[in-house]
Amino acid sequence: MQSAIDTIKNTIGENFGGAAQKLSTHQFSLDDVPDLTGKVAVVTGGSEGIGYGCTHTMLKHNIAKIYILSVSEEVVKGAKNAIAEDLGQEAANKTQWLQCDVSDWTRVKDMAEQIKKESNRLDILINNAARGIMTYQLTDYGVDRHMALNHMGHVILTSHLLPLMKRTAEQGNVVRISNQASNAHQATPSDTKFENLEELNRDLGPNGQYGRSKLAGILYARYFNRHVTQAGHPNVLMNATHPGFVSTKMSKDDIHEPYPLGGYAMSVGFEPFKKDQWDGAVSTMFAATATDKSGQYICPPAVPESGNELAQDDKLADRLMQLTRQVVMEKTKRQSADQGCPFDDLVFH
């Protein structure tokens, strides 16, 4: 009986803002983020929504440097101005913008290499940028845009930054990577196998496309835990997180792209029940600054959940990563692999 009650409390606490979060069995707040003096972070999509909540929180807790990967210079300028006004110009100056569409894999590689040249450490990587619940679309590489951006681009970024993160960990630090997943992973079709590009490029509908890319974030964390954390790098941790039902550009604007009329239920009707960007950042901040576990799926504020049956399938995770490696290698061979990109030395083995 108590277990059922806890499940109900956690479900409410995980998804809604305000006092609802106090119902959860595992508590954590942004005030619990430890001092980050001397640490360096990378955040994709770190200038708006949940990403901005993470950036602001880390600066508030004295982080030394944050690299923000995002597309819009205008949005970044707005974020830096807001930070300067709230935390002071010195805090705003700790952020560095790198213009990058995470679905542009060659650009992702170049930005990672730039970070490795500029920084002698990397303590936190937040894989946050994402395409939301939107219609089916292919990238210039001929790959489903949801998977190309939400999953594969972040795998490339993580893989190229991994040597720097390993060195940081070897110096006695705990390095944490957080993948932005979602309870929407439950919308993934049950027949998902991750066997080939043809399957990957099926049009699953807006919810299916988004959900599958969020499932990939959970499976990647499980895979990374087995192949990196438990394979000789115990201080390099990766977890996936669910932010809850958050008021962001995705839930207010982008939802009207696939659902011009029906989207108003989410963008307007549910707005009073959504979390703000601060509450939406809590589970990510726990995963990025506090947890000592790896390979978990963490729901707000800090509740480890199992996810659905697909999310617990390590063989499916292996196939996902094999397909990821295969597709990335084939599509970027000239720009990346033939230029000495050391995929086989990284997390794809």
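Modeller: I would begin with the side chains of Thr241 and Gln180, which are joined by a polar contact of 3.1 Å. A polar contact here is a pair of N or O atoms within 3.5 Å, where within protein one must be able to donate a hydrogen and the other to accept it, and where residues adjacent in sequence count only if both atoms are side-chain atoms. The model is a predicted one, in which local features need pLDDT of at least 70 and side-chain atom pairs count only at pLDDT 80 or more, while totals for chains, interfaces and linings use all residues. Residues are numbered from 1 along each chain as its sequence is written, and side-chain values use heavy atoms, with hydrogens and water left out.

Thr241 belongs to strand 6, which covers residues 236-241; strands (E, at least two residues) and helices (H or I, at least four) are DSSP runs numbered from the N terminus. Thr241 is buried because its relative accessibility is 0%, the classes being buried under 20% relative accessible area, exposed over 50% and partly exposed in between, for a 1.4 Å probe and protein chains only. If residues up to four places away in sequence are set aside, the neighbours that Thr241 touches include Ser178, Asn179, Gln180, Ala181 and Ser182, and also Ser283, Thr284, Ala287, Tyr297 and Ile298, where contact means heavy atoms within 4.5 Å.

The side chain of Asn179 makes a polar contact of 3.0 Å with the side chain of Asn127. Beyond four places in sequence, Asn179 touches Asn127, Gly217, Tyr220, Ala221, Met238, Asn239, Ala240 and Thr241. For Asn179 and Met238, the C-alpha atoms are 7.5 Å apart in space although 59 residues separate the two in sequence.

Tyr220 leads on to helix 8, where it is among the residues that meet helix 13. The axes of helix 8 (residues 206-227) and helix 13 (residues 314-331) come within 9 Å and cross at roughly 95 degrees, the axes being lines fitted to C-alpha atoms over the stretch in contact and the angles running from 0 to 180 degrees between N-to-C directions. The two helices are therefore roughly perpendicular, a label that applies from 65 to 115 degrees, with angles under 35 called roughly parallel, those over 145 roughly antiparallel and the rest oblique. From helix 8, Leu215, Ala216, Leu219, Tyr220, Arg222, Tyr223, Arg226 and His227 take part, and they meet Asp314, Leu316, Ala317, Asp318, Leu320 and Met321 of helix 13. The residues of this contact divide into nine nonpolar, one polar and four charged, with Ala, Val, Leu, Ile, Met, Phe, Trp, Tyr, Cys and Pro counted as nonpolar, Asp, Glu, Lys and Arg as charged, and the others, Gly among them, as polar.

Helix 8 itself has 22 residues and spans 32 Å from its first C-alpha to its last, close to the expected 32 Å, a figure that is 1.5 Å times one less than the number of residues. Because 18 of its 22 residues are buried, helix 8 is largely enclosed by the rest of the structure.

Some other sites deserve a careful look. Cys299 lies in strand 7, residues 297-299, and is buried at a relative accessible area of 0%; its C-alpha is separated by 9.4 Å from that of His26, 273 residues away along the chain. The peptide bond from Pro300 to Pro301 is cis, with omega near -10 degrees, and Pro301 is placed in the loop between strand 7 and strand 8 (303-305). Phe194, in the loop between strand 5 and helix 7 (197-200), has a positive phi near 55 degrees without being a glycine, and is buried with a relative accessible area of 2%.

Across the whole protein there are 13 helices and eight strands, and buried residues make up 56% of the 349 residues. Among contacts between residues at least 6 apart in sequence, 78% join residues at least 24 apart.
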